[in-house]
Amino acid sequence: MPAWEEEIAYLRETFINGLVGRGYRLVSDTSKGIVSNATLSNSHLTIALPPGFPYLPPIVTTRRKVLSTWHQDANGTLCLYTRTDRDTQPWLDPKAFLDRIELWFTTNADGWPEDTPVLDIEAYLDMPVEPRVVIYSELNEPRQHLRFRPDGLTIRDAGAGKVPKNSTKGMLGGYVTDIGHLPSPPKNWNDLIALVPNRQQVENAIKRRRIQVLLLRYQRSGQAGVLAVTFGTLGTEDRTPRVALSASADRATMKLRAGPDSVALTTKHVYVVGAGALGSFICDGLSRAGLGKLTIRDGDILRPGNTTRHFVTEDHRYGKRKAQAVKDELLARPYNNADLFTDETPLTDPQQAFDLLAEYDLVVDASADGAVTSMLEDAARSSGRRMVTVCVQNEGRTRRVDVIPPHGGAPSLPTTKQHPSTSPEAFEAGCGEPISVTPPHAVAETAAMAVRHIIGTLTGRPPTPAGEKREDP
């Protein structure tokens, strides 16, 4: 038996023996090799080892009568561990595992006083499942009618208003209502409809197919959630309620994953010179982070070959100026909250470089143009206004971000030593210079470095005083 199988078999047998020694009876065990399949039981608990054990926790169900709880799945399984607990696998200690179960019963009887508001009541409902995801936007009114449009794998919010009778546009009627605070999870459709304030009207509208998508807003531990229920299939007489996975597409939801600095960044305006591969990903990273305003400057044309490394990959943007192509791509991204501006003129005037540093919260140079970089760096040193310059050198083996002038009077990063090329020069028809063979991963890594230093500079918490340089051996 391979060492890996021996280790898993040892952990499994140790765990089973630990439970048997504490009064549990081994009901069945067909485990083999690395695949576990065993069940143990006592007077009020059943403990099953799933195939993923020891990496996944045992499955525990109870025969005790307990209060309906958010910490028990619809099938009766006790929710004992979170995803973060999987890092340390605390269930492998039989005593600690049984103590965790007893803590569950004690805390459940107390009503989970320190409970977190997990907004997933879909997991607790014994109902058929709608295969499509319901996407909704702003839900501003306590009760409102919406229109929804089926679109492949989704059912999308198409705005406020009722769907006309005998509509030929394939629209679904939607309705939003509040069911208030939920102290315990509903188990089925009857539990849900009983919570609807205007139940009779809603049920009548469902029967008449005036409501085919019902959004139920609820509160749990002070947090707002939304549950979606659909009724039947378009063009049929089916009225079966189906619970659907739902998701909001409003701006507030989009910013939840933007990072802790997203609020501070909403007031900032960054000016990025260069919208090639590196600059385009920097613009995307700043947009995702919640930047309020972004000006993109580049007059070059987007070619098909650029898209191997570029943020913009849509072929209908070929031929556009890169600054405009990046702007259009960001505008099409639902997470973008930034006001976007473009400048397609070359930067050749030292006075303009000086003025840009004074006008914007931060200027970022991703131009890969030595003249532009030198002009902006000299203007920054002369004015004392800080800028960030970003580049990839030595065919991607060197990635650097320079903060100029450095924070706190620190010394600048040392100059990069240029190494001879390891690849033959590559040329593309219509281009007057050799094509850089820098790989896409080096561009993405450098852009991520740059965004981190840009955000740190804007928020007054720079990661390092002078920037960062990474070099491959």
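Which residues form a nonpolar patch on the surface?

**View 1. A nonpolar patch on the surface of the predicted model.** Trp 4, Tyr 55 and Leu 56 make up this patch, and together they have about 320 Å² of accessible area (Shrake-Rupley method, 1.4 Å probe; for residues, only the protein chains shown count as cover). Patches are built from residues with over 30% relative accessible area and no salt bridge; like charges are joined within 9 Å, and nonpolar side chains (Val, Leu, Ile, Met, Phe, Trp, Tyr) within 5 Å. Trp 4 belongs to helix H1 (residues 3-20). Helices (H or I, at least four residues) and strands (E, at least two) are DSSP runs, numbered from the N terminus.

View 2. Buried means under 20% relative accessible area, exposed over 50%, and partly exposed in between (1.4 Å probe, protein chains only).

**View 3. A salt bridge between Asp 115 and Arg 220.** The closest N and O atoms of this pair are 2.6 Å apart; a salt bridge is a side-chain nitrogen of Lys or Arg within 4 Å of a carboxyl oxygen of Asp or Glu. Asp 115 is in the loop between helix H2 (94-109) and strand E5 (129-136), while Arg 220 is in strand E9 (residues 213-220), 105 residues apart. Arg 220 is buried, at a relative accessible area of 2%.

View 4. Asp 284 is buried at 6% relative accessibility, whereas Arg 288 is partly exposed at 43%.

**View 5. Val 443 in helix H11 (residues 440-459).** Val 443 is buried, with 4% relative accessibility. Leaving aside neighbours within four places in sequence, its contacts (heavy atoms within 4.5 Å) include Ala 277, Leu 278 and Phe 281.

**Notes.** Residues are numbered from 1 along each chain as its sequence is written, and side-chain values use heavy atoms, with hydrogens and water left out. In this predicted model, local features need pLDDT of at least 70 and side-chain atom pairs count only at pLDDT 80 or more, while totals for chains, interfaces and linings use all residues.
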